[in-house]
Amino acid sequence: IVSETLEHLPVGSAGELVMRGPGVFNGYLGQTDLYESSLTPDGFFRTGDLAKLDDDGYVHITGRLKDLIIRGGVNISPVGIEDTLAGHPAVRRVAALGEPDERLGERLCAVVVPSGQSEISLEVLIEWSSSQGLPRRYWPESVRVVSEMPVTAAGKIRKNQLRDELFGGTT
């Protein structure tokens, strides 16, 4: 686990997961420069995953570097926010995105596909977040209700495409 400056971090610290060894692939076909740019100076492959290493040596993935919301210079992982909001009975699907903001860079926006005819509002999501113990700094600041979200063949939400569709590709 390394910091933004690629310094190895102690156990329990959050940072980017890097790895090396015989089980790590050895390059992108025909894209040597891309592969080399993904290596640390000491030869570790930068996965782009945010993680922590616990005292027993287990790795806990906490999010993706490129999936971060950056509000006022603070990096926010959407994983815990999405997990909390997804537990609301009126939410069928949810994505937490950074909505462009002139002052803070981004603000936290919950994009929701409701289940059935349920009404979803910012107030409902904030009340739910509070009742579930989600810290206030992770509460959504806006909500966009959509009928569907773009997904990959595996069913994962295409957040970059969704962000572009909602905010015009400004982030």
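A110 stands opposite V143, a residue of strand 8. Four bridges join strand 7, residues 105-114, to strand 8, residues 142-145, and the two run parallel. Two strands are said to pair if DSSP finds at least two bridges between them. Helices (H or I, at least four residues) and strands (E, at least two) are DSSP runs, numbered from the N terminus.

This is a predicted model, in which local features need pLDDT of at least 70 and side-chain atom pairs count only at pLDDT 80 or more, while totals for chains, interfaces and linings use all residues. Residues are numbered from 1 along each chain as its sequence is written, and side-chain values use heavy atoms, with hydrogens and water left out.

Next, the salt bridges. How many salt bridges does a search of the whole structure find? The search finds six, a salt bridge being a side-chain nitrogen of Lys or Arg within 4 Å of a carboxyl oxygen of Asp or Glu. One of them joins the side chains of K159 and E82, at 2.4 Å from N to O. This pair links distant parts of the chain, with K159 in helix 4 (residues 159-167) and E82 in helix 2 (residues 79-86), 77 residues apart.

Is K159 buried or exposed? K159 counts as buried because its relative accessibility is 12%; buried means under 20% relative accessible area, exposed over 50%, and partly exposed in between, with a 1.4 Å probe and protein chains only. E82, at 15%, also counts as buried.

R107 forms a salt bridge with E141, the closest N and O atoms being 2.8 Å apart. R107 lies in strand 7 and E141 in the loop between helix 3 and strand 8, 34 residues apart. R107 also forms a salt bridge with D101, at 3.0 Å between the closest N and O atoms. R71, D101, R107 and E141 are linked in a network of salt bridges.
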